Amino acid sequence: MATAGHHLRHPSLRPFPESKSFASPRPKSLIYSTSLCSSHGYLTLRIRSSAGAAGDVSPKSPPMVEQPGGKMVVELVGAFNELTERMGGALSTSSSSHLLFRSLKLSIPLLQALPFAPDGRPPLSRALSVAFLLADLQMDAEVISAGILREALEAGALTMHEVKSQVGASTAHLLHESLRITHIPSKVDILDDENASLLRKYSLTYYDIRAVILELALKLDKMRHLDFLPRYQQQIMSLEVMKIYAPLAHAVGAGALSLELEDLSFRYLFPYSYVYVDTWLRSYEAECKHLINVNKEQLLQALKADAELEEIVDGISIQGRYKSRFSTMKKLLKNGSKPEELNDLLGLRVILNPQPGDSMLESGHRACYRTHEVIRTLWKEIPDRTKDYIARPKPNGYRSLHVAVDISEQGKVRPMMEIQIRTTEMDSLAVGGAASHSLYKGGLTDPEEAKRLKAVMMAAAELAAMRLRDLPSANQRGALKINPRNRVFHLLDKNGDGRISIEELKEVMEELGAGGEDAWELMQLLDSNSDGSLSSEEFDLFQRQVEVMRNLEDKDDNYRTLLGEKLQITDSTGLIQVYSKELGDKLAVN
């Protein structure tokens with residue numbers, strides 16, 4: 001849905017930044033034993049290994065101090081900063097910041113007290129994984145707060161009444177709606193195509209659409225960690241995702257999310273078929289990515305240099321597209337295509353922004369056809385693959401010009417490349433407009449019904465933005481200009497005097513379930529000038545050390561993957577699983 005302070009062109013979902021993979025790494029939950037030590041004005045964080053030794057991230061080695069309350073503050077600061085970084089402009093109000101902060105303070109102590117989940121992950125890690133997915137989707141703070149709290153609610157550590165009273169009625173409403181959506185498959189005896197279509201339509205027309213997106217994020221997180229389940233349960237969940245949730249993701253405009261749900265379901269439902277398709281695509285991918293980057297730059301320079309286009313457009317962008325495993329399988333089997341006939345293994349999308357004015361529509365069409373002419377000067381067009389949906393739009397209103405070209409060179413045969421050409425308005429309609437094709441994939445076939453649903457979705461987005469807006473005041477106007485890195489400091493500095501006092505630190509510690517002694521110890525560790533309070537500079541040093549700690553987990557993940565590939569370890573004895581569990585238990589206790 002639309003984020004607070006933003007009126008998005010479509011029910012709230014923006015594309016993922018190219019710098020972040022949607023199949024993003026697991027969340028960075030700090031389950032390590034943490035020490036915060038102050039000496040000569042610097043801060044040291046240490047990690048206790050399973051053998052009890054400690055490794056420093058600083059050259060100094062002050063005495064180790066164990067402090068549960070401090071560890072929870074580390075979690076709070078680290079998780080909040082990670083969420084705000086991913087949300088970007090979506091966190092545009094202090095109301096949103098306070099809502100996220102309250103949700104984290106409420107959930108962190110509850111989740112850290114729970115046992116590890118059946119998939120081997122700490123509950124806090126699972127909750128943050130969902131929250132990060134929602135933040136990447138640029139959802140508003142209410143949806144992300146619901147994602148944070150869902151794990152504690154399902155575990156019985158939190159009641160709906162507590163969510164409503166301590167966080168807010170809107171977040172409680174979203175949680176209630178998402179829990180109802182969870183049980184949708186139980187409404188039918190047999191999950192065939194007809195029943196699945198009816199359930200999708202039911203979800204789209206009956207529930208708060210943001211609750212649908214929350215449920216999709218929860219499903220994706222579960223699908224990424226299915227290996228611990230018996231084969232039969234993997235298949236049951238994958239079938240539900242393929243029939244209901246992946247098409248729902250299409251319907252709400254979360255294309256990247258839908259593609260990953262499809263591919264994961266494909267992997268568990270048809271593992272041998274998946275291996276064949278995956279192996280074949282991997283043989284092309286390294287070259288494909290290189291070709292897409294090279295051809296994208298070549299085309300962009302050619303379009304920018306064209307004098308006619310320069311007169312009628314004021315912006316040109318080109319996106320690269322890659323083929324999913326599931327869509328490849330469908331084309332090869334359902335359509336009877338041959339591998340060499342797959343013309344969208346390589347794909348580019350050209351989006352043109354016409355010059356504003358009375359003739360904007362005409363200029364947009366001219367720009368699309370002129371782009372087509374420029375493309376023909378660069379590569380050989382495959383005429384029978386050209387589809388003009390601008391002159392002849394699809395029944396649902398979809399407009400775009402599709403061109404396939406041969407990019408083979410002397411003695412080097414390459415797959416065809418498909419190029420989609422459209423204006424910004426056409427792209428907006430294709431991705432999430434009133435006549436969006438995505439709604440049809442979700443099970444709606446009546447254009448008027450699709451238009452009505454889009455209006456409902458946009459209204460819900462506007463309402464959420466209104467709830468999260470800040471009332472005009474001098475303090476809040478100033479708060480919006482706060483550097484994102486200083487948001488946590490200002491949330492802890494409740495009296496706004498520019499320092500965090502021991503009383504303010506005690507208050508947040510008590511909210512996290514820790515005592516006053518922890519607050520005194522943490523203050524001593526962070527208060528480098530010993531004046532009894534924390535300045536923004538002292539707290540910023542603490543935040544930077546927290547960031548170092550969180551990066552260590554990502555490195556551990558990367559190193560483990562690389563070592564597994566290089567050493568080619570096969571765990572036929574199950575020892576790695578045993579050692580991993582022992583290590584995880586020790587880290588959690590410490």
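Let me start with a term: buried means under 20% relative accessible area, exposed means over 50%, and partly exposed lies in between, with a 1.4 Å probe and protein chains only. By that cut-off Y274 is buried, with a relative accessible area of 17%.

Now the ground rules. This is a predicted model, where local features need pLDDT of at least 70, side-chain atom pairs count only at pLDDT 80 or more, and totals for chains, interfaces and linings use all residues. Residues are numbered from 1 along each chain as its sequence is written, and side-chain values use heavy atoms, with hydrogens and water left out.

The overview next. The protein has 590 residues, and 51% of them count as buried. It has 23 helices and eleven strands. Those are DSSP runs, numbered from the N terminus: helices are H or I with at least four residues, strands are E with at least two. Contact means heavy atoms within 4.5 Å. Take the contacts with a separation of 6 or more: 71% of them come from residues 24 or more positions apart.

On to the cores. A nonpolar core is a set of buried Ala, Val, Leu, Ile, Met, Phe, Trp, Tyr and Cys residues, joined through side-chain atoms within 4.5 Å. The largest one holds 89 residues. Within it, L104, L134, I144, L216, L261 and F539 touch the most other members. Which helix gives the largest share of this core? Helix α8, residues 209-223, with ten residues. A second, separate core has 28 residues, including C288, L309, W379 and M426. As background, nonpolar side chains tend to be buried together in soluble globular proteins.

Look at L134 for a moment. Leaving aside neighbours within four places in sequence, L134 contacts M139, V143, I144, G147, I213, L214 and A217.

Now the aromatics. Rings of Phe, Tyr and Trp (its six-membered ring) pair if their centres lie within 6.5 Å; planes under 30 degrees apart are stacked, over 60 edge-to-face, the rest tilted. The whole structure gives seven aromatic pairs. In one of them, F266 and Y274 have ring centres 5.4 Å apart and planes at 70°, so the pair is edge-to-face. F266 is buried, at a relative accessible area of 0%. F266 also pairs with F326: centres 6.1 Å apart, planes at 65°, so again edge-to-face. F266 sits in helix α10 (residues 255-269) and F326 in helix α13 (residues 325-333), so this pair ties together parts 60 residues apart in sequence. F326 is buried too, at 11%. F266, F270, Y274 and F326 form one aromatic cluster.

How do those two helices cross? The axes of α10 and α13 come within 7 Å and cross at roughly 65°. Axes are lines fitted to C-alpha atoms, for helices over the stretch in contact, with angles from 0 to 180 degrees between N-to-C directions. Under 35 degrees is roughly parallel, over 145 roughly antiparallel, 65 to 115 roughly perpendicular, the rest oblique. α10 and α13 are therefore roughly perpendicular to each other. E262, D263 and F266 of α10 meet R325, F326 and M329 of α13.

Last stop, M242, in helix α9 (residues 231-251). M242 is buried, at 15%. Beyond neighbours within four places in sequence, M242 contacts P247, E262, S265, F266, L269 and F326.
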